Structure formats: C-alpha cells, structure tokens
There are 2 protein chains.
Amino acid sequence: MKLIPRKIPIKVGNKFVAVLSKTTAHKFDLHAGDRIQIKNGHKGDLRAILDVSENGEIDENEIGLFSEPWKKLKTKRGDRITVTIADKPISLVYIREKLDGKKLSPEKYNEIIKDVVEDDLSDVEMAYFVSGCYKNGMTDDETVALTRSIVKNGGRLKFKKRIVMDKHCIGGVPGNRTTMIVVPIVAAAGLIMPKTSSRAITSPAGTADTMEVLANVKNDAKRLQQIANRVGGFITWGGGVDLAAADDHMIRVRNPLSLDPQGMLLASIMAKKFSVSANRVLIDIPCGPQVKVKKRADAIALGNKFKLIGRKLGMKVQILISNGEQPIGNGIGPVLEARDVLKVLACEKDAPKDLREKGLKMAGILLELGEKAKKGQGYKKAKDLLDSGKANKKFMQMIKAQGEQRIAIREGEFAKHVLAKKTGKVVGIHNKLVARIARTAGAPVDKQAGVYLYKKLGDKVKKGEKLFTIYADNKERLKNTEIFGLDNAYTVK
Amino acid sequence: MKLIPRKIPIKVGNKFVAVLSKTTAHKFDLHAGDRIQIKNGHKGDLRAILDVSENGEIDENEIGLFSEPWKKLKTKRGDRITVTIADKPISLVYIREKLDGKKLSPEKYNEIIKDVVEDDLSDVEMAYFVSGCYKNGMTDDETVALTRSIVKNGGRLKFKKRIVMDKHCIGGVPGNRTTMIVVPIVAAAGLIMPKTSSRAITSPAGTADTMEVLANVKNDAKRLQQIANRVGGFITWGGGVDLAAADDHMIRVRNPLSLDPQGMLLASIMAKKFSVSANRVLIDIPCGPQVKVKKRADAIALGNKFKLIGRKLGMKVQILISNGEQPIGNGIGPVLEARDVLKVLACEKDAPKDLREKGLKMAGILLELGEKAKKGQGYKKAKDLLDSGKANKKFMQMIKAQGEQRIAIREGEFAKHVLAKKTGKVVGIHNKLVARIARTAGAPVDKQAGVYLYKKLGDKVKKGEKLFTIYADNKERLKNTEIFGLDNAYTVK
C-alpha cells in the first residue's frame, strides 16, 4: 500500500516506529509489534516496528512517522510511502527459548544483542529476554557469550600496549572515589588504564559525576584512545562513548522492576572492561550490612564468578573484598568528594586517611597485576608514586588532556550541622541514610551539595561536637533533609 | 517545576504519557518509567508515565503531552503545567513477587488488574507480570482471583433470568461455526444465551467475523442486555463491549512471543463468561493432531481445570471433547461459513451434516444444563427446535435486533479449483494449510474470500474430481495461494 507520511515530532522508545490507523492495520491484517518495511521511492527505505493508533489521529491513507524514520527517509510533503510486511526478527524465537529454560548458543546471544542494538526489538520483547535470564539463570558460558555479544555489537577501544588495566567496584559505599586515586598512580607507573565510569543512578555521586567537577567526561572514543596512549589513562563517563550500547538498552528495561539477573550483571560489567581491551582487572567487592553484598561468603562466591568469566575472556581478574561498613573519605557529593581526592593526591595533611589507604591498597594490587611490581611490593611502589607527587602530576595531565572544568571547589551555600547528643564512641554510620540525605540536599545535580563527615567508626566524640554537616544550594532542599531524622545517621555509644 | 505544554498529536501505547527533555529529567533525577502528577492550574490534573526525549525535540522548559493528556487537561497555548513526582504503583511490588515465584492474594491480583485497566502499568511492566505467570504457573485459586479481578475491573451484563447459558470453543478448527447454530436453538427453548465472540487473529474467520456478514456485531452493553432480555440471545463481537478490558491490554503484551500462560488463558476465557453473568457453560475442546490440544488426556486435564475454576466461580461447566481432525462444514471464510450456517438453520437438503450434527449435540448438552430437557433428552429437543424452524425464526429475530447487515451471500469473484490427482479415499485434510490458503485468498478481511470443501474425511473421490475451490476478490491474492502447494491440503489413498 502507498500512504501519505505524517510527521510525529518526537522520538521516544524504539528508533524506527511507524504508526497506521486501526482501520488500515486491520485491513492488511497487521498488528502493533509487527515489522514492516517502509520505502520512500528511491530516497530510502527502512525496517520499522508497527504501532497502531486507535483514536483516529492517523487517517486511513496516512502513515505516522516519528522524527527518526521521517529524517532517515528524507521525507517531504507530497511524498508517498510504500509499506510492505517484513518478517519478525528470528531473535524472538531465541528469546522464547530462553524464557522456556533452554541454554542459548553464542550465535543466538549475538543475534539477540545485534537486534537490541539495531533497535529491532521492542521494550516488551527485551523484557521477556530479561525475564528469561532472571528466572532461568545463565551458565558461565552463556554469560561469556552475552559479554562477547555486547562488545561485538558496540565500539571497542584499542591501545598500543600489551597490558591494559581496569578496575570495578560493586557500589553501595558513599564517597568511595578510589578510582580517581588509583588511575593516576597506575598510569604514573607507566601502565595504561582507560577507565569508563558511571553517573549516579540512586547514589549521591558516581565517579563520572565527581570527575566532572574537574574535567570534561564526554570525550569521544577516538580522542580517548589518543589520551590513554599519550598520558596513560583517563576517567570518563561510560555513557558518553558508545562502547556497550546494548547494555544501556537492557538497563532501561531492567529498571522498572530493578531486575538484576546475575549473568546480566556480570556480562554488563565485564563487557565494559572487555570493550576497553582490559586484560588485568581488579574487582572491589565492598561487604557489609548496608551494601549490595552483605556476607563474606557471598562476596567470595561472586568474586569466583568474576575470576572464572574473566579467565574465559582472557583477562586476569583479582578480587578485593573490602570493608563496606561506613562511607569512605569525608565528603559525599561531587565537589566534596573531588576535594577529598585532590587532598589525597596532593598528600595534604588533612587528607582522609581511609581513602588514601584504600587507594594505595588497590593501586598496589594493580601494579603487581600489571607486572610493574613484584609480589608483595605493589603497595610500597604505589606509596612512592603517590608521595613523590608523580601520581598527582599524572592526574593533572589527565585533566588537561580530557579538558579542564572550572567548577569552584567549595561547599554549597547553605549548611546544617548535626551535633552529637551524647559523649561516647561512634559505633555505627548508616550508609544508606547518609546517601539519601546527600541526595535530598541536591547531590549529584547540585555539584556542591552533599554531606561532610567529621567522625568515622571508632572515633570518640563529645556531646555537642559536630558529627557531620549537610550542604545545599538552596534552603528548601536543606530543610527537606530533616524528614529522615538526621540523628539516626550516626550511632554513638 | 512549571513547564510549557507541547502537543504531540497522537496516542500510542499507554493512555497518559508525558515527555520531558533529557536535561530536565536529569535535573530532577527523573527517569523514563517514573510516575508524575501533572496539573494545569485548576483546569485539571492527572497521573502520567514519564518518557524522556533524548533528541532535543522537547525544550528544557517544555513538557510533551500526547493527545489524551492534552485533552484531559483542557490544555491551551499559554498554559503552564506543574509537574510533581508521584509514587510508582504498589502493583509493581506484587508483579516482582509473582516473578520471584510467590503466590499472590486476590487483593494483589485486583491491584495489578486495576492498574492495568487504568493504564498505570507500562507494557514492559505488564510483560514482567505475564512472565511471572508463565514461568511460575498459577494455582487454581490464583486463576479464580485473576478472573474475578478482570470482571471486577470491567463491565458486566446482568439479565432478568436465574439461568444464563454460554459456550466456548478452544479454537483451531476451520469452519467451526457452531455458535451460530447453538445460540438460536438454546434461545428458542426460552433460555438466555448472551454470546460474545472474537474476531480472527490467525484464522480465516472468527465467529464475530462470520456473524458480521449477517448482523451488526458492535452493539453496546446496554443495548445487548435489552436484546438478550427480549429475544433470548445475541452473538456479538466481544471487543466491541468493554467487558474484560484488562484482558485486551494483556493480550497485546502476550502477542509478541505468543505467550499463553495456562492460568491467564483460563482466566481470560472464564472472565468473558463471568462478565456476561453466565452460570451454565459448555466448553468445546477439539482434539486432533493439528489443533491446539493434541491428545485426549490433555483435553481431559484441561477440561477438569475448566470445571474446577467454574465451580469456584459458581458456574456449572460441562466439557465436550470433539473431533478436531478436519474442518467443520464446507465453507471456510466469513461469507462461505455464513452460508453453511443459514443452510443448517433453514434445514436445507445440502446443509453440511457435520456442522448440523455438532450444533445439535452441543445444543442438546446446553438444554440439559439449562434445565430445559431431562438428562438424555437434550439432543432430541434440540432437533425438534431446529427442524420445526423455531431456531431459524429465533436467529432472524436476533439479526433484526442486532441490526441487519447486507453483505451479498456469494463467493469471491475469482475461483481456483483443486482436483484429485488420483482415485481413492480422503484420509487426511490439513487443517492449518486449509486455513492459511483461505487467509491468503483474503479471508477474513475480504468477506467473500475463502475455501469451499467438497470432500471430507472418508469420502470417495475420482481422479479429476474437485476436492476444493479457492475464492478470492482479486487475482493476485488467488495466485498467491499457490505458494503453499495446494495439492498438499488433501491426502487421498
């Protein structure tokens, strides 16, 4: 059939969607979700997912085209669009198989992920894929196949050196900005460490948000390759480079029910490492009552999974099970964290000790893994690189290479101090509550908002002494934090 | 925040969707799929599902409103829309529970179905619900709870009489138009039989398509109640009355992978019976190598499920396991089937015997179930009502009450005869292939297209004799049927 194009001036959901009236769809036995081929003479043709308008907004002789297909077909008024029926993607059969409990071959994973990236699967169809992986689990080989498929159907960075370092932290600990300490130390040792990081989703700051206080985190893949080859490393926002595109699509579908099938979680993380060509990787698994992994045994089991998947992908993976009982550093929120990091790198006296120590420990492991230090010598070498100022110098080179940012390193304008109600010892800091307070105060959107902790676990405190201060850019946000019961953030005994 | 409304002149997917720019969404920590409350001063407010435009088509200070919310908020140029964050529906928690293998209480099913009907669940969220029911199964109590929820959150027809009859056939047999024989017989006996039927989805005709040849099948609920109270019955398109609205939503989400969780299938069918207040129901389960239910044991098991669910809903359910080896009647396609039905009702000599016999058998069971005939006397009573012309008269009353249709009862203009290649006996008719040929010829969209069978199983046939004729409205469609290898439709030995 030939139809008059009607532009729908927006793009939501899938890239290529075309809309027919209910009457026309019925006439040609087409249903929402069917695939059609649409052609605008010799100006272009494309494959689209059909949607059906029930309300008479599209006439019988019209086809509704969202912005992207409209543009791709070089549509002009007066054009006529030819519609023919296209087959549904074969990957739907594989998704059904996975939902029915079958194991899928690498070829089938690749077909599914190819269609995800090409936007030829609707959100509903992807949701069934996620359901299948969630309910039936995935074998290690399936996880490897999914990882490879994500990388294959996305970009990949290549570097001149044989060894490429990376790290990842299974989040949940506020203020845990070790990446910004570790990457400069490792790069200062002459290794390559191309680090893509995420923005906060439910936390007060992701590494990308904090790094953005100091440097541009939106360089493209080509530029990032150059930076790493020249300076040794970068810290950029993963969402700004098209490295694991399939992952972003799938996360969109996983979000509504917060579904984290373990195989997908592993594949998502490992694909990001694989896509920057990393082959020596440190995974930090914080363990504690208020982070994702609560028991040491679970941390060990998860760590073994990472090692196994890594081995199958040709990566050496090492695991650090760290203490996740309290926030790391003193600042929580992009600027407050960036200030902590800068102090550690400049070896200032009042730099947070726990952040420095954790950074050194991780850098030490990575230096050994990267063959820059003998077994047992990594920590010492890392300390030398930090204390000599070499790491700091490297960090400044990285910032310059990525593009300097000029956000003032100062706290939000409005402050609220929370004081100890009695004298004693700090025996508990409520990670999640601290994070929510910082978020409510405005972090990570308001870069200077957040929380500054004066006391950590084991510290002595006197009645009336400051426990922490909340900073915000406006009074209302500051006031809003009170709903949490601010005194509950600390337990003093 | 206050935003400028921008109209998006279409409605697809969920009813109330609002779109923010990526920047604005990021600023307020909002994500696609979040729920927001949008208010247009005192002109109105509503709850919407948020979508995010990535492409800069919505400005930072704008909110995109699809047709329905635009209208509901009485939006005019110059208006300012206030947006506040709303909670996600609690039903998402229950959907997650179902996906995790828990059994849900009737209250939780009701909450989910209420949100489905109110369009407060996105397709992705519904897909997880379907996945949960599909993967974990549903107990009988859950099926009953789902059935009741579908009816509670939709319309329901009420009649003056104590006994209300209904029937349902688990499809798969072409030409199986018994409903149009059974309803007039049962109504002629003085019973009430309000029949909602479906249109074809993958078959050459649904009962609604065939009935539409003769009568209007789109009366509203109020009118249908009047018709049934006055005439005793009707045959209408279920999609035209808002009786099981939730079911339509869920079918849209089940379609992409053709997922038929048994509990949902049962609930879907039983909700339709329950929503017309039926309490005496006959379920026809055709059994054969090429229909949905292949083995007699499976048919019995399914039948027992129907009986059990029916009992819990206060319905008397009887099961007929019928022969599904070959099409019923001679015509396949709306007009060709309607002609068969009219011949049976008029007791014409060349009326298809198998259709007549199956209709009488089913009507007989229903007359006994409806207390109009003693046990063992139903068939005889049905035969009397048919042969006396009373059923035919009743059918004409029903047509008149629903509104007469004037589609000519004649075959499609173009015909292709398929002849026997040898002399022998018909030992096989390929149900699915016959259905595909009829569909390809144009049924059900072209009402007069389809297939007419001259020979049935066991019939003797001479070489060169006609086995069947294909009818179509245009030559191309007729020609297209050849791709199936028309000789494969019959096996002669």
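In which sense do strand 1 (residues 2-8) of chain B and strand 6 (residues 81-86) of chain B pair, and over how many bridges?

Author: This is a predicted model. Strand 1 of chain B, residues 2-8, pairs with strand 6 of chain B, residues 81-86, in the antiparallel sense. Two bridges make up that pairing. On the strand 6 side, B:Thr82 stands opposite B:Lys2.

Strand 1 of chain B also pairs with strand 5 of chain B, residues 62-66. Here the sense is parallel, and there are five bridges. B:Pro5 has B:Ile63 of strand 5 as its bridge partner.

Now to another part of chain B. B:Met315 sits in the loop between helix 12 (296-312) and strand 11 (316-323) of chain B. B:Met315 counts as buried because 20 C-beta neighbours lie inside 10 Å; the cut-off for buried is 20 or more. Beyond its neighbours within four places in sequence, B:Met315 is in contact with B:Lys273, B:Ala278, B:Asn279, B:Val281 and B:Gly310. B:Val164 is 151 residues away from B:Met315 along the chain, yet their C-alpha atoms are separated by 9.7 Å.

Next, some backbone details in loops. B:Glu371 is not a glycine, but its phi is positive, near 65°. B:Glu371 lies between helix 14 (353-369) and helix 15 (378-387) of chain B. B:Glu371 counts as exposed because it has 11 C-beta neighbours inside 10 Å; the cut-off for exposed is 12 or fewer. In chain A, A:Ser258 has a positive phi of about 50° and is not a glycine either. A:Ser258 is in the loop between helix 10 and helix 11 (262-275) of chain A. With 9 C-beta neighbours inside 10 Å, A:Ser258 counts as exposed.

Cis peptide bonds come next. One joins A:Ala443 to A:Pro444, with omega near 0°. A:Pro444 lies in the loop between helix 17 (431-441) and strand 15 (450-453) of chain A. Another joins B:Ala443 and B:Pro444, with omega about 0°. B:Pro444 lies in the loop between helix 17 (431-440) and strand 15 (450-453) of chain B.

Last, the contact between the chains. Chain A gives 36 residues and chain B gives 36 residues. On the side of chain A, the elements that give two or more residues are strand 4 (44-53), helix 3 (91-99), helix 5 (123-136) and helix 10 (245-254). Helix 5 of chain A gives the largest share, seven residues. By type, the chain A side divides into 17 nonpolar, nine polar and ten charged residues.

Notes. Residues are numbered from 1 along each chain as its sequence is written. Chains are lettered from A and ligands numbered from 1 in the order in which they are written. This is a predicted model: local features need pLDDT of at least 70, side-chain atom pairs count only at pLDDT 80 or more; totals for chains, interfaces and linings use all residues. Two strands pair if DSSP finds at least two bridges between them. Helices (H or I, at least four residues) and strands (E, at least two) are DSSP runs, numbered from the N terminus. Two residues are in contact if their C-beta atoms, placed from the backbone, lie within 7 Å. Ala, Val, Leu, Ile, Met, Phe, Trp, Tyr, Cys and Pro count as nonpolar, Asp, Glu, Lys and Arg as charged, and the others, Gly among them, as polar.
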